[in-house]
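Work through the exercises below with the sequence and the model at hand. Each task is followed by a solution in steps.

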Amino acid sequence: MTLILKTDPYRPDPEIIKKAAQVLLSGGTVVFPTETVYGLGAVVFNEAAVAKIFWAKMRPPDNPLIIHVSSLEMLNEVATNIPEEAFKLIRVFWPGPLTLILPRNPRVPKIVTGGLETVAVRMPAHPVALELIKEVSQPVAAPSANLAGKPSPTRAEHVIKDLYGRVDVIIDAGDTLYGVESTIVNILTKPPSLLRPGAYPVELVEEVLSTKVHIPDFARGLTEASLALAPGMKYKHYAPETPVILVELVGGDLGLLVERVISIATAELNKSRKVCIVASRETLKEYSELALKGAVVLDIGSRANLYEVAKNLFGTLRLLDELSCDVAVVEGFEEKGLGLTIMNRLRKASLRRVTQ
């Protein structure tokens, strides 16, 4: 039986925080909101509790977890030999959606790190998450609170659908702020490497470090990494049950993108399939004739506001399944700023990519 506790996201109920903290301290699992997505937490130093995360999510054991801390003192409990470049980023971006790869403190069980000698650490900005970690007074390991491979949860209803009965407590504090996970940077490499684009565009990290950050193909969602130094690098992620055909934007030619979406959607409609089109607000009207033929057209947000698109992304992917779509044809975005994050998620979620 899973206990569901509701609280205000900005003024968390102290009694709910205490109750959830006691569950964590007794070796249980608690789902809580962060500013990115909902996380499934257990105390880092309790190996049996951490193992419950992998069981609940059906997560591969070599896929590391992100450790959440509420202070720099707590950071030192999980990481060691922290380079100055990391502190440059911490001073600017913490609390916030930036995860750093750092040397593992030997106290951290290897079940948390996927057997690696590095840890992925961040300090969340959500009041509920911060108050919960402070109350526990220990670092909390917390990947996204969804079944492995599914779209990450941005509201408690998503968690309930995936994990009810598999976790001890779910704290419901409404929608998350960013809707996509944290940006993950390996600060131990020269130059630093982007392991997962996220809620902070990599360009912001480059500004603080005054250096370019290496962006490997797996961070663009084009390949899988052979070794998972952080979540999102290996294995299928973010995918709904509905097959997704991603039509990529090439050379900024929005007209050509729309033509290709219409062509693919028309072919699928001719097979008597229920087709869903995920489109930007700027192109919705271009699919009006397909809508008259039975296609479902979903507005994911404006190309002029990629924060809106990112926030709506996982909810829209989950909606495809709720609508019982046979296939979804999804517009791609330019890989700048949050566009890189959006394309990473869409590429990993897609069954097929069309690159024109």
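**Exercise 1.** State the volume of the second largest pocket and describe its lining.

*Solution.* Step 1: in this predicted model, the second largest pocket has a volume of about 190 Å³. Step 2: its lining consists of 17 residues, and those closest to the centre are Y10, H126, D175, T176 and L177. Step 3: sorted by class, the lining holds 10 nonpolar, 4 polar and 3 charged residues.

**Exercise 2.** Locate T176 in the chain and decide whether T176 is buried or exposed.

*Solution.* Step 1: T176 sits in the loop between β8 (169-172) and β9 (183-186). Step 2: the relative accessible area of T176 is 2%. Step 3: the cut-off for buried is under 20%, so T176 counts as buried. Step 4: with neighbours within four places in sequence left aside, T176 is in contact with T34, E35, T36, V37, Y38, T154 and K311. Step 5: T176 is also one of the residues closest to the centre of the second largest pocket.

**Exercise 3.** Describe the largest pocket by its volume, lining residues and contributing elements.

*Solution.* Step 1: the space in the largest pocket is about 300 Å³. Step 2: 28 residues line this pocket, with R59, P143, S144, R196 and P231 nearest its centre. Step 3: the elements that give two or more residues to this lining are β3 (38-43) and β4 (66-68). Step 4: the class count for the lining is 10 nonpolar, 11 polar and 7 charged residues.

**Exercise 4.** Give the strand order of the open sheet of 5 strands, and explain why one side of β13 and of β15 has no neighbour in the sheet.

*Solution.* Step 1: the order is β13-β12-β14-β11-β15, and the pairing is parallel. Step 2: β13 (296-301) and β15 (352-354) are at the edges and have a single partner strand each, so one side of each is left without a neighbour in the sheet. Step 3: direction ignored, neighbouring strands are turned by 20 degrees against each other on average. Step 4: inside the sheet order, β11 (residues 244-247) and β14 (residues 327-331) run parallel and are joined by 4 bridges. Step 5: V247 has E331 in β14 as its bridge partner.

**Exercise 5.** Which strands do helices α9 and α11 lie against?

*Solution.* Step 1: helix α9 (residues 254-269) packs on the sheet and touches β11, β12 (275-280), β14 and β15. Step 2: the direction of α9 makes about 175 degrees with that of β14. Step 3: helix α11 (residues 306-322) lies across β11, β12, β13 and β14, at about 150 degrees to β13.

Note on methods. Residues are numbered from 1 along each chain as its sequence is written. This is a predicted model: local features need pLDDT of at least 70, side-chain atom pairs count only at pLDDT 80 or more; totals for chains, interfaces and linings use all residues. Side-chain values use heavy atoms; hydrogens and water are left out. On a 1 Å grid over the protein atoms alone, a cavity is a set of points where a 1.4 Å probe fits but cannot get out, and a pocket is an open set with protein on both sides within 12 Å along at least five of seven lines; lining residues have an atom within 4 Å of a point. Grid points are joined across faces, edges and corners, and a volume is the space filled by probe spheres set on the points. Ala, Val, Leu, Ile, Met, Phe, Trp, Tyr, Cys and Pro count as nonpolar, Asp, Glu, Lys and Arg as charged, and the others, Gly among them, as polar. Two strands pair if DSSP finds at least two bridges between them. Axes are lines fitted to C-alpha atoms, for helices over the stretch in contact, and angles run from 0 to 180 degrees between N-to-C directions. Contact means heavy atoms within 4.5 Å. Buried means under 20% relative accessible area, exposed over 50%, partly exposed in between (1.4 Å probe, protein chains only).
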